[in-house]
Amino acid sequence: MLSELRISGLGVIDEAVAEFAPGLSVLTGETGAGKTMVVTGLRLLAGGRADPGRVRRGEDKAVVEGRFDLAAAATMDTGDRRELDELLEDADVELDEDGSVIAARRVAADGRSRARLGGRSVPAGTLARFCAPILAVHGQNDQLRLLRPDRQRDAVDAHGGEATRTALKAYRDAYRSWREAERSLAERTGRARELAREADLLRHGLDEIDALDPRPGEEDELDAVIRRLTDSEELREVAGQAHTALTGDGEAAEPVVGVLDHLRHRLAGAGDPALDAIATSLGEAVTAVGDAATELGLYLAELPEDAADLDSALERRHELKTLTRKYGADVEDVIAWAERARARLAEVDTSDSAVAELRAATDRLAAEVAARGAELTAARRAAGDDLATRVTAELAELSMGGAGLVARVTPAGEGLAGATESGLDDVELALDGPAGLVPLGKGASGGELSRVMLALEVVLAERSGGGTLVFDEVDAGVGGRAALSIGRRLATLARTHQVIAVTHLAQVAAYADTHLVVHKSVDGGEDGVVSGVRTLGNGDRVTELARMLAGMEDTDTGLAHAEELLARARSDKSQAQVED
């Protein structure tokens, strides 16, 4: 639930704070007061595009902050709540003691945008994911988008819930595999000669590499061997002299090990404690020198003596060099090229057997697409029928009892000819009324279309569980009794959701649990107009409703009419609660 909204430097709003409560909250105000800026602020919180043109003239930035009470989100879908908790954990965001969290968006006049969640800087996309399950903004532009066929299909899919989501995912997986197989088959059959040449080149390269069978790291090993073989005589002389000095040559020379050991014995037997420590050090030296002598002996034993070994190593190095000149910078690159070549060779194999195998696989995948598409079509028809039934019932509540919604799910083409990643269907929402069955937007007046769209939004919102629903002038083009119907429907919806409605109709505003007015005043600043938001008490509500009715807030007749409207709204709401 949105409990508080703070806006500064946005459009005509210099600084404003709006406090929202559960139930139905309405925002009213004169034209140009800034009602739209409140909705714009909420869209920014929901991750909407940051438009620097919305920054108030003379300000360097616009800031919007919203406090969301997540403790009141117990009615959220379990999956949505889990995803929300995971998002907060990933962003290292902790809730306040009252279970709320503040989301904020700042838009600079130079176009730069910053988003924060719980005091932490986050990408705007994270803010959008946070708001997705708890805040939905429905405006006149959203209504126009619902007139597009793809949006109507999305609406039916959304209403279908898990069944449609599962069917759509299965279809898309099959469709993508089928399209990839078709692409590969077309490539092999349409470019057979070119692919055959490519295959020959790949086989030639693989034959060269396989003949030498290079190993990872082999170049470094060969380089080390070649260095040792090239310098073996010098290395043998140096190591041999050191080994002889340490161990003796069997003649008169006394080995270093023997000399050190003799000195150790003499010092240890001198009987002087000071010399004992030195004798111990000499003992350690004897051990170290003995180890070195042993290692030198092993080194000398391993030094190659055959010149043929050097020739063999140089030849192998030359052979590897021919591979690295053609297929990569080093042996590892050559091996990687061979792996890619084998994978590509399987793709460009144009032999009759390979093409036949791929054709059979493509046919199997096409059958899979058809089967998954039929399942998706069935899920959509079930969802469309249910959506149409529910929306038709809503239209009756909105004084359109003679009209009904029809969801038509028809094949997009014969067989798989009309297949797209979205399915095999064309989905169209139509209005069944006095003029017959006509697509949405073609046979309805502006007021009727507003009510149809409201009914659609209401039904779609019911599937979303709890949360905050924002309606921006969905009552455009409506008046009289139909306006009262919209007010009643929003009030009913507000019993399961927090509803915030921007309206210009007193008949709708009368049903509010909380009435906020966006007011403007003229100052001497650069912009000339300053807007703010305040919550109305009962007396002020009567005055505001009278102004909305006919600009008659200063007349007894206008005030009486407003009081009568408020009384009727309270009666309708009380009656609805009794019926429940």
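**Exercise 1. What volume does the largest cavity have?** State also which residues line it.

*Solution.* The structure is a predicted model, in which local features need pLDDT of at least 70, side-chain atom pairs count only at pLDDT 80 or more, and totals for chains, interfaces and linings use all residues. Residues are numbered from 1 along each chain as its sequence is written, and side-chain values use heavy atoms, with hydrogens and water left out.

Step 1. A cavity is a set of points on a 1 Å grid over the protein atoms alone where a 1.4 Å probe fits but cannot get out; lining residues have an atom within 4 Å of a point. Grid points are joined across faces, edges and corners, and the volume is the space filled by probe spheres set on the points.

Step 2. The structure holds 1 cavity of 30 Å³ or more. The volume of the largest cavity is about 40 Å³.

Step 3. Its lining consists of L5, I7, I13, A16, V17, A18, V38 and V533. Two elements give two or more residues to this lining, β1 (2–10) and β2 (13–19); β2 gives the most, with 4 residues. Such strands (E, at least two residues) and helices (H or I, at least four) are DSSP runs, numbered from the N terminus.

**Exercise 2. Describe the largest nonpolar core and the contacts of L490.**

*Solution.* Step 1. A nonpolar core is a set of buried Ala, Val, Leu, Ile, Met, Phe, Trp, Tyr and Cys residues joined through side-chain atoms within 4.5 Å. Buried means under 20% relative accessible area, exposed over 50%, and partly exposed in between (1.4 Å probe, protein chains only).

Step 2. The largest core has 58 residues, and L24, L456, F471 and L490 have the most contacts inside it. Helix α14 (residues 446–462) supplies the largest share of this core, 10 residues.

Step 3. With contact taken as heavy atoms within 4.5 Å, L490 touches L24, L454, F471, V499, A501 and V508, leaving aside residues up to four places away in sequence. Apart from this core lies another, of 44 residues, which includes M37, L45, F68 and L88.

**Exercise 3. Classify the aromatic pairs F68–F130 and Y171–Y175.**

*Solution.* Step 1. Rings of Phe, Tyr and Trp (its six-membered ring) pair if their centres lie within 6.5 Å; planes under 30 degrees apart count as stacked, over 60 as edge-to-face and the rest as tilted. The count comes to 4 aromatic pairs.

Step 2. F68 and F130 are 5.7 Å apart centre to centre with 80° between the planes, an edge-to-face pair. F68 belongs to strand β4 (residues 61–69) and F130 to helix α3 (residues 124–131), so the pair ties together parts that are 62 residues apart in sequence. Both F68 and F130 are buried.

Step 3. The ring centres of Y171 and Y175 are 5.8 Å apart and their planes stand at 25°, so this pair is stacked. These two residues are 4 residues apart in helix α5, which means about one helical turn separates Y171 from Y175. Both Y171 and Y175 are buried. Ring pairs link Y171, Y175 and W178 into a cluster.

**Exercise 4. Is R153 buried or exposed?**

*Solution.* Step 1. R153 lies in helix α5 (residues 149–190).

Step 2. Its relative accessibility is 19%, so R153 counts as buried.

Step 3. R153 touches R380, S422 and V427, not counting residues up to four places away in sequence.

Note on methods: 1 Å grid on protein atoms, 1.4 Å probe; cavity = no way out; pocket = protein on both sides within 12 Å on 5 of 7 lines; lining within 4 Å.
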